[in-house]
Amino acid sequence: MPTIKSTYLGNLRTQATHLQSGNTLITDAPVDNNGKGEAFSPTDLVCAALGACMVTIMGIVAEREGISLEGLSWEMTKVMQSNPRKIQEIIVDFKWDQPGGDNILRQKLKNAAKTCPVALSLDPELKQTVNFNF
């Protein structure tokens with residue numbers, strides 16, 4: 001059974017619908033690749049998926065350990081390569097001003113992030129730089 005149904009809308013724009021929830025998202029080609037840059041590009045979504053997956057798996061560990069990830073935030077930086085055009089590096093910067101747990105738990109969270117399903121699914125040549133500011 002399909003998970004997502006997508007449609008090409010023209011002008012380098014697509015729409016994807018998550019069938020279970022009905023949520024939709026739009027993608028647009030970036031300005032540096034003939035697009036308008038008015039929405040997430042497909043490569044932006046790869047970065048967003050990586051960050052969301054990392055935090056989801058960290059959240060599972062945190063819940064199991066009885067702590068909250070409240071206040072955790074992150075920023076993603078995408079570095080593109082030109083020939084061939086692809087993502088060369090994704091930089092994830094986590095910030096957590098008041099981390100919960102001890103150093104052992106924080107190391108478990110870091111390990112969880114680095115071994116999330118999206119991180120493990122990306123090509124090993126794609127550099128993943130993850131900075132934990134906590």
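How many helices and strands does the secondary structure of the protein chain come to, and, for the close look, which residues does glutamate 89 touch?

A: This is a predicted model, in which local features need pLDDT of at least 70 and side-chain atom pairs pLDDT 80 or more, while totals for chains, interfaces and linings use all residues. Residues are numbered from 1 along each chain as its sequence is written, and side-chain values use heavy atoms, leaving out hydrogens and water.

The protein chain has three helices and six strands (DSSP runs of H or I, at least four residues, and of E, at least two, numbered from the N terminus). Read from the N terminus, these elements follow the order β-β-β-α-β-β-α-α-β. The C-alpha trace of the protein chain spans about 50 × 35 × 25 Å along its principal axes, and of its 134 residues, 31% are buried (under 20% relative accessible area; exposed is over 50%, partly exposed in between, with a 1.4 Å probe and protein chains only). Of the contacts (heavy atoms within 4.5 Å) with a separation of 6 or more, 46% are between residues 24 or more positions apart.

Leaving aside residues up to four places away in sequence, glutamate 89 touches Thr77, Lys78, Val79, Leu126, Lys127 and Thr129. The side chain of glutamate 89 also makes a polar contact with that of threonine 129, at 2.5 Å (N or O atoms within 3.5 Å, one able to donate a hydrogen and the other to accept it, adjacent residues counting only through side-chain atoms). Glutamate 89 is buried and yet has no salt bridge (a side-chain nitrogen of Lys or Arg within 4 Å of a carboxyl oxygen of Asp or Glu). The nearest side chain of opposite charge is that of lysine 127, 4.0 Å away (Lys and Arg positive, Asp and Glu negative, His and chain ends not counted).

Salt bridges do occur elsewhere in this model, where the count comes to six. In one of them, the side chain of arginine 85 meets that of aspartate 32, with N to O at 3.0 Å. Arginine 85 is in strand E5, whereas aspartate 32 is in the loop between strand E3 (24–28) and H1, so that this pair links distant parts of the chain, 53 residues apart. Arginine 85 is partly exposed at 37% relative accessible area, while aspartate 32 is exposed at 56%.

Lysine 86 forms a salt bridge with glutamate 125, their closest N and O atoms being 3.7 Å apart. Because lysine 86 lies in strand E5 and glutamate 125 in the loop between helix H3 (117–121) and strand E6 (127–133), this pair ties together parts 39 residues apart in sequence. Glutamate 125 is exposed, at 63% relative accessibility, and lysine 86 is partly exposed, at 33%.

Lys78, which glutamate 89 touches, has a salt bridge of its own, its side chain meeting that of aspartate 44 at 2.7 Å, N to O. Since aspartate 44 lies in helix H1 and lysine 78 in strand E4 (residues 73–82), the pair ties together parts 34 residues apart in sequence. Both count as partly exposed, aspartate 44 at 26% relative accessibility and lysine 78 at 24%.
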